[in-house]
Amino acid sequence: MINELLQHTLAASRQLVTLDDATINRILIDTASALLTRQAEVLAANVEDLSRMDPANPKYDRLKLTEERLAGIAGDMKNIASLPSPLGKLLSETTRPNGMVIRKMTVPFGVIGVIYDVFSLCFKSGNACVLKGGSDADSSNRALVAIIHDVLTRQGVDPAVCTLLPPDREATTELLNAVGLVDLIIPRGSSSLINYVRDHARVPVI
């Protein structure tokens, strides 16, 4: 199942190179707007997640979503949309003695596995993303990704460019070993998580 999801994401990532910057920015802005319009369902999903946690747990406040925090997320997405495109920039150019011109350009990685969540930055830079969250935020994650998928579908983009994996450890294992399907993994979280990913991943890690 996970392998099929990753294959679909890889195939969908190839569509991103056909999108111009205006389309990318419009999708990010539309997603930010949809997040605010549908904040009630996101907050309800978040309450479901929080109900399974002890409020004394240090992660409780970090996972808690509010109208203010959702507004901040939406604002960040709009800010990313306003940034210049990072793609297609000429970084250097060298002419070899035989006349061959070698240019270093900025290009997407392709598929980025993120533990967890930087959809806006991945999408802005032309990368598909595979998101892997924990079970403690699964309802919230699914609600947020559903909004992203709806906007992508309306804009004619394969929603698989943003794929949410199941929250179990088996999915993490398959992601870390997805050679040929995932180009880069970026773990975000505790030092133990980062060390685990670095020690067990068979794909490049930042």
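Begin by selecting T9, which sits in helix α1, the helix of residues 2–16. The model on the screen is a predicted one.

**Stop 1**

Is T9 buried or exposed? T9 counts as buried, because its relative accessibility is 0% and buried means under 20%. Display the neighbours of T9 next. Leaving aside residues up to four places away in sequence, T9 touches V111, A128, C129, V130, A160 and T163.

**Stop 2: the whole protein**

Zoom out and colour the model by secondary structure. The protein has nine helices and six strands. Its radius of gyration is 18 Å, close to the 17 Å that the globule rule gives for 206 residues, so the protein is as compact as a globular protein of that length. Along the principal axes, the C-alpha trace spans about 70 × 40 × 30 Å.

What share of the 206 residues is buried? Buried residues make up 43%. As for contacts with a separation of 6 or more, 64% of them are between residues 24 or more positions apart.

**Stop 3: I24 in helix α2**

Select I24, which is found in helix α2, residues 21–37. I24 counts as buried because its relative accessibility is 3%. Which residues does I24 touch, not counting those up to four places away in sequence? They are L19, F123 and K124.

I24 and K59 are 35 residues apart in sequence, and their C-alpha atoms are 33 Å apart in space.

**Stop 4**

Move to strand β1, residues 90–95, and strand β2, residues 101–105. The two strands run antiparallel and are joined by five bridges. Select T94 and look across to β2, where its bridge partner is I102. Then select T95, whose bridge partner in β2 is V101.

Follow the chain from β1 into β2. Five residues lie between the strands of this hairpin, and G99 takes a positive phi near 95°.

**Stop 5: a salt bridge across the hairpin**

Show the side chains of R103 and E93. They meet in a salt bridge, with a distance of 3.0 Å from N to O. This pair links distant parts of the chain, since R103 is in strand β2 and E93 in strand β1, ten residues apart. R103 counts as exposed because its relative accessibility is 51%, and exposed means over 50%. E93, with a relative accessible area of 43%, is partly exposed. In general, side chains of opposite charge can pair when their charged atoms come close.

**Stop 6**

Select L90, M105 and V107 together and display their surface. These residues make a nonpolar surface patch of about 290 Å². Where does V107 lie? V107 lies in the loop between β2 and β3, the latter being residues 111–115. V107 counts as exposed because its relative accessibility is 61%.

**Stop 7: further salt bridges**

How many salt bridges does the structure hold? It holds ten. One of them joins R38 to E41, with the closest N and O atoms 3.0 Å apart. E41 has a relative accessible area of 38% and is therefore partly exposed.

Select R142 and D138 to see another salt bridge, in which the closest N and O atoms are 3.0 Å apart. Both residues lie in helix α7, residues 138–154, and they are four residues apart, about one turn of the helix. R142 is partly exposed, with a relative accessible area of 45%, whereas D138 counts as buried at 16% relative accessibility.

Note on methods:
Residues numbered from 1 in each chain as written. Predicted model: local features only at pLDDT ≥ 70, side-chain atom pairs only at ≥ 80, totals over all residues. Heavy atoms only, no water. Patch = residues over 30% accessible without salt bridge, like charges linked within 9 Å, V, L, I, M, F, W, Y side chains within 5 Å. Areas by Shrake-Rupley, 256 points an atom, 1.4 Å probe, with all protein chains shown as cover. Salt bridge = Lys/Arg side-chain N within 4 Å of Asp/Glu carboxyl O. Buried < 20%, exposed > 50% of the residue type's maximum accessible area, 1.4 Å probe, protein only. Rg over C-alpha atoms; globule rule 2.2 N^0.38 Å. Contact = heavy atoms within 4.5 Å. Pairing = 2+ DSSP bridges.
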